[in-house]
Structure formats: C-alpha cells, structure tokens
Amino acid sequence: MMMAAMFATFILQVTVRYTARAEWIAEAVPFLDPNRHGWTLEFCLLMWVWIVFWGNSFIVRQRDHVIFDIVYTSVNPRLRKWFAIIASVAICVGLLLSLEPTWDKFHILRLKKTPTLSNVFGDWIRVRHVYSIYFAFLLVVALRYAWRTWDIIRNGADADLHHYDELAASSDDGPRISRNDT
C-alpha cells in the first residue's frame with residue numbers, strides 16, 4: 001500500500017510538472033494547479049522512509065539479507081554457532097543502546113512541523129511522526145535478534161547456512177530436451 005501511495009504521488013508529480021506551463025489546464029482542472037503540489041516530494045520521501053524501515057522490521061527475513069559468509073561457512077558448526085550468537089547479541093545490544101538517544105531526539109522533533117505535509121494533512125503532523133518508524137525499527141529488529149540468539153542457543157546455527165548446492169540442483173531440474181526428442 002505504501003509503494004502504491006508513493007507511485008500514485010509520483011505520477012501526480014509528473015502530471016503536474018508537465019502541465020504546469022499550460023496555465024489553461026490549471027484553470028480548467030484546479031486539481032492540477034502546480035502551486036498546490038509542493039507536498040508531493042515530501043510525501044514520497046516519507047513513504048520511502050517508511051517502506052525501508054517497515055520492510056526491514058517486519059518483512060525482510062534474516063536469510064534475505066546480503067551477507068559475507070566466507071569465513072562463517074568454512075568453520076565447524078560449533079564455532080559457527082558462537083559467531084552467530086556474538087553477532088546477534090552485538091546487533092541486539094547496539095540497537096537497544098540507541099533507543100535512548102533516539103527517544104531524546106524524538107522529544108525535540110515533536111515541536112517541528114513538516115514544511116509541506118502540514119498544509120495537506122493538517123497541523124497535527126510533525127517531523128516526529130515522519131520518523132517514528134525508525135523507533136519501531138530499532139525496537140522490532142532488536143527483539144528479532146534477541147529471539148534469533150535464543151533460537152541459535154537452542155537449535156544451533158546450521159539453519160543459517162545457505163544451501164547453494166541445493167539451490168543449484170533445483171535450478172537444474174527444469175525441463176530438458178534430449179537429442180532424441182527433437
């Protein structure tokens with residue numbers, strides 16, 4: 001829904017930009033008056049921030065992240081388990097330690113109005129609302145890595161391995177045409 005809102009706003013921006021020189025269009029269709037659409041850029045930026053942090057908090061799985069695992073996959077499973085535990089704890093602690101400074105910054109942002117979104121959505125919207133998803137990101141991802149640490153302690157880290165051989169084999173299972181079939 002956020003991508004659709006951002007895309008629709010982008011299309012509106014393009015339409016307004018290309019019809020701005022023809023004043024008769026703004027007179028005939030007041031909705032396309034370029035003076036009313038300064039908010040579209042800020043709204044697209046807001047949607048992008050929310051898409052990135054919402055997606056990384058709730059949608060992107062651990063195995064979907066880009067990782068450099070040459071050393072990780074080459075060590076024995078016991079050492080791999082400790083690598084995973086240390087990395088998960090470090091990420092969790094780092095994110096949790098940044099909650100307090102983030103909250104302090106959010107306290108200040110409650111006073112600042114957005115430059116253009118307030119004109120469209122009302123005077124209640126503040127910069128704090130735009131970036132509030134970052135606070136949720138810090139908390140949710142820290143909880144996900146705390147859960148991951150617990151899961152690795154219980155089950156080991158072998159589930160983290162990418163099974164490249166299995167992926168390669170499954171991609172080779174497609175239909176084949178032999179010389180006799182042609």
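Predicted model: local features only at pLDDT ≥ 70, side-chain atom pairs only at ≥ 80, totals over all residues.
Colleague: How many helices and strands does the secondary structure of the protein have?

Modeller: There are nine helices and zero strands. Both are DSSP runs numbered from the N terminus: helices are H or I of at least four residues, strands are E of at least two.

Colleague: Why are H5 and H6 called roughly parallel?

Modeller: Two packed helices are described by the angle between their axes and the distance between the axes. Axes are lines fitted to C-alpha atoms, for helices over the stretch in contact, and angles run from 0 to 180 degrees between N-to-C directions. An angle under 35 degrees counts as roughly parallel, over 145 as roughly antiparallel, 65 to 115 as roughly perpendicular, and the rest as oblique. The axes of H5 and H6 cross at roughly 30° and come within 4 Å, so the pair is roughly parallel. Leu95, Leu96 and Leu97 of H5 meet Leu99, Glu100 and Pro101 of H6.

Colleague: What makes H6 roughly antiparallel to H8?

Modeller: The axes of H6 (residues 99-109) and H8 (residues 127-155) cross at roughly 170° and come within 10 Å. That angle is over 145, so H6 is roughly antiparallel to H8. Residues in this contact include Trp103 and Phe106 of H6, and Tyr131 and Phe135 of H8. By class, the contact has ten nonpolar, two polar and one charged residues. Here Ala, Val, Leu, Ile, Met, Phe, Trp, Tyr, Cys and Pro count as nonpolar, Asp, Glu, Lys and Arg as charged, and the others, Gly among them, as polar.

Colleague: Why is Thr40 called buried?

Modeller: Buried means under 20% relative accessible area, exposed over 50%, and partly exposed in between (1.4 Å probe, protein chains only). Thr40 has 4%, and is therefore buried. Thr40 lies in helix H3 (residues 39-59). Leaving aside neighbours within four places in sequence, Thr40 is in contact with Thr9, Leu12 and Gln13.

Colleague: What makes Ile11 partly exposed?

Modeller: The relative accessible area of Ile11 is 39%, so this residue is partly exposed. Ile11 is placed in helix H1 (residues 2-19). From Ile11 to Thr40 the separation is 29 residues in sequence and 9.9 Å in space, C-alpha to C-alpha.

Colleague: With which side chain does the side chain of Thr116 make a polar contact?

Modeller: The partner is the side chain of Glu42, at 2.5 Å. A polar contact is a pair of N or O atoms within 3.5 Å; within protein, one must be able to donate a hydrogen and the other to accept it, and residues adjacent in sequence count only if both atoms are side-chain atoms. Thr116 lies in the loop between H6 and helix H7 (117-121).

Technical notes. Residues numbered from 1 in each chain as written. Heavy atoms only, no water. Contact = heavy atoms within 4.5 Å.
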